[in-house]
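I opened my notebook to look up a few features of one protein chain. Here is what I wrote down, entry by entry.

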Amino acid sequence: MTESSNHELANRMAELARTVATPRRVDDVLSDVTTEAKKLIPGVDAAGVLLIGKGGKFDSVGVTSELPHQLDELQMKYHEGPCVQAALDELIVRSDDFRSEERWPRYSAAAVELGVFSGLSFKLYTSSQTAGALNLFAFEPNVFDAEAETIGAVLAAHAAAAIMASRQSEQLESALSTRDRIGQAKGIIMERYDVDDVAAFDMLRKLSQDSNTRLSEVAARVIETRGK
């Protein structure tokens, strides 16, 4: 890379880092990442992020056109392809020419029919709930090289950071909501049975254990009885 292109890359990476650190919708951050991929990596004609959930449910997000979604559908249909392989297994998956690709014969033939000849995919993360990959596509063969892999890996790191930040925020909101429900249920029990907060919590915990039901669900049921 030339000095000027290195400088441009550094500036754009710094800007992306700021967008990840700023509270925003994860879809907006991923759209920024895929847009930057088209700008920074020569030959990229389309980009997107594939998220695969339990049971094979998938989402195409941050797409720069309809094409990545079409390719994701093909991979889910055939249960093969570079994006799936990157999301579930390998860190970086590259195909220089789908016309001669032997790893995913059905997907590759379908991709060529759509005019796609090269692909480059990066694992974002894999958890017990979801797997994800950043995927780049080109209408020409032999487009991607080691430099493209390096830049793409940095972009994938930003995308992964945005997704993980979103998941952590959702988990925190869920935890706070659960805490609030348990607090409300304790208050109802304290008022109804004239007990202190320790005894009220013990009653909730015993109900949870006896019914083999999560504490938050028991609390929700107690709240529903208020006024009855």
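Predicted model: local features only at pLDDT ≥ 70, side-chain atom pairs only at ≥ 80, totals over all residues.

**Entry 1: salt bridges**

How many salt bridges does the structure hold? I found 7 salt bridges, where a salt bridge is a side-chain nitrogen of Lys or Arg within 4 Å of a carboxyl oxygen of Asp or Glu. Side chains of opposite charge can pair when their charged atoms come close.

Residues are numbered from 1 along each chain as its sequence is written, and side-chain values use heavy atoms, with hydrogens and water left out.

I started with K39, which forms a salt bridge with E36; their closest N and O atoms are 3.8 Å apart. Both residues lie in helix α2 (residues 26–40), 3 residues apart, about one turn of the helix. For the names of helices I used DSSP runs: helices are H or I with at least four residues, strands are E with at least two, and the numbering goes from the N terminus.

Are K39 and E36 buried or exposed? K39 is exposed, with a relative accessible area of 51%, whereas E36 is buried at 14%. The cut-offs are under 20% relative accessible area for buried, over 50% for exposed, and partly exposed in between, using a 1.4 Å probe and protein chains only.

Next I looked at R103, which forms a salt bridge with E101, with 2.8 Å between the closest N and O atoms. R103 is partly exposed at 41%, and E101 is buried at 15%.

Then came D96 and R94, whose side chains meet in a salt bridge of 3.0 Å, N to O. I noted D96 as partly exposed, with a relative accessible area of 29%, and R94 as partly exposed at 28%. Which residues are linked with R94 and D96 in a network of salt bridges? I found E149 there, linked in the network with R94 and D96.

**Entry 2: an aromatic pair**

A pair of aromatic rings is described by the distance of the centres and the angle of the planes. I searched the whole structure and found 1 aromatic pair. The ring centres of F98 and Y107 are 5.7 Å apart and their planes stand at 85°, so I wrote the pair down as edge-to-face. For reference, rings of Phe, Tyr and Trp (its six-membered ring) pair if their centres lie within 6.5 Å; planes under 30 degrees apart count as stacked, over 60 as edge-to-face and the rest as tilted.

F98 is buried at 2% relative accessibility, and Y107 is buried at 0%.

**Entry 3: A111**

A111 is buried, with a relative accessible area of 0%. A111 and F98 are 13 residues apart along the chain, and their C-alpha atoms are separated by 7.3 Å.

Which residues is A111 in contact with, leaving aside its neighbours within four places in sequence? I listed L71, L74, F98 and V116, taking contact to mean heavy atoms within 4.5 Å.

V198 is exposed at 53%. From V198 to K186 I noted 12 residues in sequence and 8.8 Å in space, C-alpha to C-alpha.

At what angle do α7 and α8 pack? Helix α8 covers residues 215–224, and the two pack at about 115°, with their axes 9 Å apart. That makes α7 roughly perpendicular to α8. Axes are lines fitted to C-alpha atoms, for helices over the stretch in contact, and angles run from 0 to 180 degrees between N-to-C directions. Angles under 35 degrees count as roughly parallel, over 145 as roughly antiparallel, 65 to 115 as roughly perpendicular and the rest as oblique.

Among the residues that meet, I noted F201 and L204 in α7, and L215 and V218 in α8.

**Entry 4: positive phi**

Most residues other than glycine have a negative phi, and most peptide bonds are trans. I looked up H79, where phi is near 55°, a positive value. H79 sits in the loop between α3 (67–78) and α4 (82–88) and is exposed at 69%.

D194 also has a positive phi, near 55°. D194 lies in the loop between α6 (146–193) and α7, and is exposed, with a relative accessible area of 69%.
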